[in-house]
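Please walk me through this structure, one element at a time.

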Amino acid sequence: MKDIENREDVVKLVDTFYDNVLKDEKLAPVFGPSAEHWEHHIVRVYNFWENWLFQTGSYTGGMMWVHMERHATHPLTTELFERWLAYWITCTDTLFTGKNADFVKSKALEIGQILNAKLNGNG
Ligand code: HEM
């Protein structure tokens, strides 16, 4: 198994991750309102991870606000964060191994903890 080496690998990871998330009965409804602009959403997520891994400058921020806004109509509970992270870690481990794979897992955990603390006040 190889590491995450380029944007193509990021796309593969993010697509596989959402294949799982959108089949999850608790997570899928949170993404329901995103369906009509899915392409826009997913490209931003590719950019987000590509930027963290390869410093491409392709993501310019605003993710906190996006989650706060959705939280107002579809609460992003601690339980949902745990499920989200479990899929992210499982998908990464299924597809890749190495320094970058480790990085995206630990970065997701770190950001997830910050978001969860901000939204649910228990961090
Ligand atoms: C409970 C866990 C989470 C849920 C349910 C969730 C859900 C969502 C939703 C509904 C959106 C908006 C999609 C749209 O544009 O319509 C979004 C955007 C996004 N999420 Fe999450 N999220 C979670 C955790 C995380 C974590 C831990 C990360 C990163 C480590 C993350 C990264 C992103 C990014 C990069 C975007 C795009 C933001 C933008 O458009 O600028 N999410 N998420």
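Helix 3 has 17 residues, which should span 24 Å at 1.5 Å a residue; its end C-alpha atoms are 24 Å apart, so expectation and model agree. The model is a predicted one. Three residues of helix 3 are buried: Trp49, Glu50 and Leu53. They cover an arc of only 105 degrees around the axis, which puts them on the same side of helix 3. An α-helix has 3.6 residues a turn, so residues three or four places apart point the same way. The cover over the buried residues of helix 3 includes helix 1 (7-21) and helix 6.

What follows helix 3? Gln55 does, with a positive phi near 45 degrees. Gln55 is not a glycine, yet its phi is positive. Most residues other than glycine have a negative phi. Gln55 sits in the loop between helix 3 and helix 4. Is Gln55 buried or exposed? Gln55 has 8 other C-beta atoms within 10 Å, so it is exposed; the cut-off for that class is 12 or fewer.

Now cross the loop. Met68 lies in helix 4. Met68 has 13 C-beta neighbours inside 10 Å, and therefore counts as partly exposed. Along the chain, Met68 and Lys118 are 50 residues apart.

Next comes helix 6, residues 99-120. Helix 6 has 22 residues. From first C-alpha to last it reaches 31 Å, close to the 32 Å expected at 1.5 Å a residue. Which residues of helix 6 are buried? They are Asn100, Ala101, Val104, Ala108, Asn116 and Leu119. Seen down the axis, these buried residues fall within an arc of 135 degrees, so they line one face of helix 6. On the other side of helix 6, Lys99, Ser106, Glu110 and Ile114 are exposed. What does the buried face pack against? The buried residues of helix 6 pack against helix 3 (38-54), helix 4 (63-73) and helix 5 (78-95). Just after helix 6, the chain takes another positive phi: Gly121, at about 60 degrees.

Turn to the ligand. There are 21 residues around it, and Ser34, His41, Phe48, Trp84 and Gly112 come nearest. Which elements give two or more residues to this shell? Helix 2 (28-31), helix 3, helix 4, helix 5 and helix 6 do. By type, the shell divides into 14 nonpolar, 5 polar and 2 charged residues.

Finally, step back to the whole chain. The protein has 6 helices and 0 strands. From the N terminus on, its elements run α-α-α-α-α-α. The radius of gyration is 14 Å, close to the 14 Å that the globule rule gives for 123 residues, so the protein is as compact as a globular protein of that length. Along its principal axes, the C-alpha trace spans about 40 × 30 × 25 Å. Buried residues make up 18% of the 123 residues. Contacts show how the chain comes together. Of the contacts with a separation of 6 or more, 71% join residues 24 or more positions apart.

Terms used:
Residues numbered from 1 in each chain as written. Predicted model: local features only at pLDDT ≥ 70, side-chain atom pairs only at ≥ 80, totals over all residues. Helix = DSSP H or I, 4+ residues; strand = E, 2+ residues; numbered from the N terminus. Expected span 1.5 Å × (residues − 1). Buried ≥ 20, exposed ≤ 12 C-beta atoms within 10 Å, placed from the backbone. Arc of directions from axis to C-beta. Contact = placed C-beta atoms within 7 Å. Near = placed C-beta within 6 Å. Nonpolar A, V, L, I, M, F, W, Y, C, P; charged D, E, K, R; others polar. Rg over C-alpha atoms; globule rule 2.2 N^0.38 Å.
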